[in-house]
Amino acid sequence: MAVEELLREAGADAAGALWRLTGTERQLDANVVRLRPGAAVAAHVETDLDVLVLGLAGRGTLRCAGVEHALEPGALRLLPRGAERAVAAGAEGVAYLTVHRRRPGLTVRPRP
């Protein structure tokens, strides 16, 4: 599906994860995320996973390890694990793709 079609079908007010990879045998997770104008993902640290981010539509700011980067169509950034990151949408909102290794499912292990 084309990005423009995905965003159009989701509707102008839809925000959050608009699309996700599915299937139980995959090794990757990927999401298309849209933030409404002025919305933000608060600063946080991902301790386990590197995340690749690709700007798809709109404009925003991606902050990683204290450095701000433009998040716009075609902008590609690697967010290394352990680095603090945050996203802020601009006046028109922003849509972006995230890709990272799939987290293993929860497992029950015996006590050490």
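Analyst: Helices (H or I, at least four residues) and strands (E, at least two) are DSSP runs, numbered from the N terminus. On that basis, the protein reads α-β-β-β-β-β-β-β along its sequence, with one helix and seven strands. This is a predicted model, in which local features need pLDDT of at least 70 and side-chain atom pairs count only at pLDDT 80 or more, while totals for chains, interfaces and linings use all residues. Residues are numbered from 1 along each chain as its sequence is written, and side-chain values use heavy atoms, with hydrogens and water left out.

A pocket here is an open set of points on a 1 Å grid over the protein atoms alone, where a 1.4 Å probe fits, with protein on both sides within 12 Å along at least five of seven lines; lining residues have an atom within 4 Å of a point. A volume is the space filled by probe spheres set on the points, which are joined across faces, edges and corners.

The largest pocket has a volume of about 270 Å³. Its lining has 16 residues, and those closest to the centre are H44, V51, L79, R85 and T98. Two or more lining residues come from each of β3 (40–45), β4 (51–64) and β7 (84–101). Strand β7 gives the largest share, six residues. By class, the lining has 10 nonpolar residues (Ala, Val, Leu, Ile, Met, Phe, Trp, Tyr, Cys and Pro), three charged (Asp, Glu, Lys and Arg) and three polar (the others, Gly among them).

T98 is found in β7. T98 counts as buried because its relative accessibility is 11%, and buried means under 20% relative accessible area with a 1.4 Å probe, protein chains only. Not counting residues up to four places away in sequence, T98 touches D29, A30, N31, V51, L52 and V53; contact means heavy atoms within 4.5 Å.

V53 is also among the residues with the most contacts inside the largest nonpolar core, along with L35, L71 and Y96; this core has 13 residues. Such a core is a set of buried Ala, Val, Leu, Ile, Met, Phe, Trp, Tyr and Cys residues joined through side-chain atoms within 4.5 Å. Strands β2 (28–35), β4 and β7 each give two or more residues to this core. Leaving aside neighbours within four places in sequence, L71 is in contact with residues including V53, V87, V94 and Y96.

Technical notes: Buried < 20%, exposed > 50% of the residue type's maximum accessible area, 1.4 Å probe, protein only.
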